[in-house]
There are 2 protein chains.
Amino acid sequence: MKKFSIAIHGGAGAIPKTVPEKDKLIYLNALDGILRYGHDLLASGRAALDTVELVVNEFENSPLFNAGKGAVFNSEGKNELDAAVMDGRDRSCGAVTCVTRIKNPVSLARIVMENSSHILLCGKGAEEFAKEHGIKFVRNSYFFTQKRYDQWLKLKERNTTALDHSSDLTGSAKGTVGCVAKDRFGNIAAATSTGGMTNKNYGRIGDTPLIGAGTFADNATCAVSCTGTGEEFIRTVAAYEIHALMKYAKLSLDRACEKFVREILKPDTGGLIAVDSEGNTSCPYNSKGMYRGSADSDGLFEVKIWE
Amino acid sequence: MKKFSIAIHGGAGAIPKTVPEKDKLIYLNALDGILRYGHDLLASGRAALDTVELVVNEFENSPLFNAGKGAVFNSEGKNELDAAVMDGRDRSCGAVTCVTRIKNPVSLARIVMENSSHILLCGKGAEEFAKEHGIKFVRNSYFFTQKRYDQWLKLKERNTTALDHSSDLTGSAKGTVGCVAKDRFGNIAAATSTGGMTNKNYGRIGDTPLIGAGTFADNATCAVSCTGTGEEFIRTVAAYEIHALMKYAKLSLDRACEKFVREILKPDTGGLIAVDSEGNTSCPYNSKGMYRGSADSDGLFEVKIWE
């Protein structure tokens, strides 16, 4: 059996080092638990594609992270969710955007991938598709958390938008979530899920559900999931740029990721997690911090917020 | 003053060579008129960005093409439009998806680019943004054409979807529209606009509004606009792949485009138009035909449907 490896992120941004020790521990423990879960799935022989979906489900179900339960509020005071998943074996992919009543958007993205000739479905249409495929619906109020609501009320007063993590109003709950994995069979996959930006204009689509921007996977090179200011990842076609740097400029995963985050991505924008088909992982960022973790079958197992 | 050049497309697909001579002439004349208009804008010193927008407006206003007036119908019998524009100078870009009451979606995309911190706005949200910026609204019935409606009724009966051009039900009116241009100042830009696929599931988003998939521009390499089965252009991150082949694999525009369309893109999928910063143009396709044209300040001026 081949080496397996996994990387996860729970968002990047201006995470102040001054957050109370108690809050740090809550997040590090959550990351540790989710990373352990993903590690064990891969160890037991689960496919990379299953693993990234199930791991992102854990993030979506946690109120600590900006995806699923705990998502931020848009300018209308609603939670609007985006997600994508991609299989490195054949570049199969699926994504949903602007859904408001789907408990686990990344699982709907996978069903779009496997049961639709389309890749990206939006809003009401995506939810009609979900209904036809027996997906679990929740009321929009399921996504409610007091902390996110209070953040929104304050930003709304100021009439501005914020990545949940770049606001000084929150010290702990952060950004997009994602997972990349390489399984024992040599396949890689990527998944990303998000509630977007607090107080975003209704209908704004970020990089998360856009294949090549926030999410990409190809066994030939790498699987990537991004987090941060979505527009910068769209403009740079970020996830695919890592692929191109490996495929055509012949850089290693680590050099490609470092080059992108240090030289191409606008400073203070965010970060990404990536894995290649050898099982190497890379988790660079150019924001103050990034909730992240990586593990593999050689004994690596670490979760971090700062350097 | 430097060389200028322009390429346009009005869709690609299984365009039968057996279409009546009269219909061929209608399309060739329309392409000729639009290409002439774009050529003259560039000759008079207009910027590439202005030119691609104005040229795509002409396509949108023509009932012959699947964009704006003349767009195909979705599964609910409505016209749902997508568009994107990108400026090669600094990768500024804007896009809209699932709009139903905007006469010229590409112009709304440009206003998103210039007046919003976001890149991609969707549906009702995009239309709220449009209202705030004084954009011209039309009733959804403005987009109605009898031919498209009849196509839709027939596909609906069969419960299937079709690119407007790959259906045997139409011999003449075809796909996405787009324009790429290089101006006298050395800048390049790309714009794309579409009504999508006939009888598409409500909410399906294709490649057109996705930066890097259907639309991309960077002065360092090329400006690209794609047409065909959108999902294949998303999966291959098509427009950005041309950029990557030029930037990192050091291919010429023509070799990059040919390699992509012959070796990477699934057969019978569609095509693209591209221009580089030297003013070279390339318009390859792997479907039966593609409505297209290219012109430059050196005297090139041609419109074609087949080889």
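The following legends describe close-up views of a predicted model. Residues are numbered from 1 along each chain as its sequence is written, and chains are lettered from A in the order in which they are written.

**View 1. Helix α7 of chain A and its cover.** Helices (H or I, at least four residues) and strands (E, at least two) are DSSP runs numbered from the N terminus. Nine of the ten residues of α7(A), residues 238-247, are buried, so the helix is largely enclosed by the rest of the structure. Buried denotes under 20% relative accessible area, exposed over 50%, and partly exposed the range in between (1.4 Å probe, protein chains only). Among the buried residues are Tyr240(A), Glu241(A), His243(A) and Met246(A). Their cover includes β10, β11, α6, α8 and β12 of chain A, together with α7 of chain B; contact means heavy atoms within 4.5 Å.

**View 2. Val237(A) in the loop between α6 and α7 of chain A.** Phi of this residue, which is not glycine, is positive, near 45 degrees. Val237(A) is buried, at 1% relative accessibility.

**View 3. Asp268(B) in the loop between α8 and β12 of chain B.** Asp268(B) has a positive phi, near 60 degrees, in a residue other than glycine. With a relative accessible area of 54%, Asp268(B) is exposed.

**View 4. Surroundings of Thr221(B).** Thr221(B) is located in the loop between β10 (215-217) and β11 (222-228) of chain B. Its relative accessibility is 4%, and Thr221(B) therefore counts as buried. Leaving aside residues up to four places away in sequence, Thr221(B) touches Ile188(B), His243(B), Met246(B), Lys247(B), Val275(B), Asp276(B) and Ser277(B).

**View 5. Surroundings of Thr100(B).** The loop between β3 (92-99) and α3 (105-115) of chain B holds Thr100(B). Thr100(B) is buried, with a relative accessible area of 12%. Not counting residues up to four places away in sequence, the residues that Thr100(B) touches include Lys78(B), Glu127(B) and Phe143(B).

**View 6. A positive surface patch with residues from chains A and B.** Lys78(A), Lys124(A), Lys78(B) and Lys124(B) form the patch. Patch residues have over 30% relative accessible area and no salt bridge, like charges being joined within 9 Å; a salt bridge is a side-chain nitrogen of Lys or Arg within 4 Å of a carboxyl oxygen of Asp or Glu. Lys78(A) lies in the loop between α2 (48-61) and β2 (81-87) of chain A and is partly exposed, at 35% relative accessible area.

Notes. This is a predicted model: local features need pLDDT of at least 70, side-chain atom pairs count only at pLDDT 80 or more; totals for chains, interfaces and linings use all residues. Side-chain values use heavy atoms; hydrogens and water are left out. Patches are made of residues with over 30% relative accessible area and no salt bridge: like charges are joined within 9 Å, nonpolar side chains (Val, Leu, Ile, Met, Phe, Trp, Tyr) within 5 Å. Accessible areas come from the Shrake-Rupley method with a 1.4 Å probe; for residues, only the protein chains shown count as cover. Lys and Arg count as positive and Asp and Glu as negative; His and the chain ends are not counted. The place of a charge is taken as NZ of Lys, CZ of Arg, CG of Asp or CD of Glu.
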